[in-house]
Amino acid sequence: MSTYLIGDLHGHYRDYERLLVTEGLCDENLNWTGGTSKLWLMGDFFDRGASGLRCLDVTMRLQKEAAEAGGEVNSLLGNHELMILCAYRFRDATHTDGLSVYDHWLRWGGIETDFRGLTDRHAEWISQLPAMVRLDDVLMIHADAMLYVNFGLDVDSVNDGFRELMRSDDLPKWMSALSSFSEHMAFSGLDITGSKRAEQLLSLYGGNLLVHGHTPIPYARQIDAETVTEAWSYAGGRCLNVDGGMYMGSPGFVHKLQ
Ligand SMILES: [Mn+2]
């Protein structure tokens, strides 16, 4: 049984469709053909590209189909899911700078048609997504950032902490979480500080490989997005970035974990 990972889609539905079919996880009508395989999305379905909600809808349907076949489709919580959920919950509330939460969300790259199509069913699905998952020796998080330690000191507490936030009416608490989610590249850098941070997370939450999305590989490595067709292993092999940067023009890829 294999586990497949797909990085941040950011509304690039056609690429998502192509990756699923090419990998044999779906047929051409986009029905699950992955059997007992596992597919994990890294979060960030929304914003930048036009069809975030469509990406989410397909994933929700495939989750049911895969479960019926004894497989699994699931996703990590990305900051852009937290953003659209914040806009959905607090739409007209005013933030400290006088802008509405909705206008803030548009500035973050929000796509209005995604927002108009979002229902309670989507919001509930997003609200139960885990922020952190450990599959055997692999620790998976959306962001290469340290904010997870603010939510809990073991995997379950981190996920409970995020779920509690997503039930909360405390807007400043949401904004603070979103702000700490804007950190990137906490595990890379020229000195060893980055890899030490990765080691800290791995020793805290378990696992010996930290897998994440959030920072497009072409951005992190300063290379052309068109050339990015595989995951990037760094920090002495302790970290694996699987965000090809589809919104920057990468064709994307499916990473087979095991
Ligand atoms: Mn992200």
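Two strands count as paired here if DSSP finds at least two bridges between them. What we are looking at is a predicted model, so local features need pLDDT of at least 70 and side-chain atom pairs count only at pLDDT 80 or more, while totals for chains, interfaces and linings use all residues. Residue numbers start from 1 along each chain as its sequence is written.

Strand E1, residues 3-6, runs parallel to strand E2, residues 38-41, and four bridges join them. Thr-3 has Lys-38 as its bridge partner in E2. E2 also pairs with strand E3, residues 72-75, again in the parallel sense and over four bridges. In that pairing, Trp-40 stands opposite Asn-74 of E3.

Next, the connections. A crossover is called right-handed if, with the strands pointing away from the viewer, the path from the first strand over the helix to the second runs clockwise. E1, helix H1 (residues 13-22) and E2 make a right-handed β-α-β unit. E2, helix H2 (residues 52-68) and E3 make a right-handed β-α-β unit as well.

Now the loop between E2 and H2, where Arg-48 lies. Arg-48 is not a glycine, yet its phi is positive, about 75 degrees. For burial, we count other C-beta atoms within 10 Å of a residue's own, with C-beta atoms placed from the backbone: 20 or more is buried, 12 or fewer is exposed, and in between is partly exposed. Arg-48 has 19 such atoms, so the label is partly exposed.

On to a second sheet topic. Five strands form an open sheet in the order E4-E5-E6-E8-E7, with mixed pairing. E4 (132-135) and E7 (232-234) stand at the edges with a single partner strand each, so one side of each has no neighbour in the sheet. E4 pairs with strand E5, residues 138-141, in the antiparallel sense over four bridges. There, Leu-135 stands opposite Val-138 of E5.

His-214 lies in the loop between strand E6 (209-212) and helix H10 (217-221). Its phi is near 80 degrees, a positive value in a residue other than glycine.

Definitions and conventions. Helices (H or I, at least four residues) and strands (E, at least two) are DSSP runs, numbered from the N terminus.
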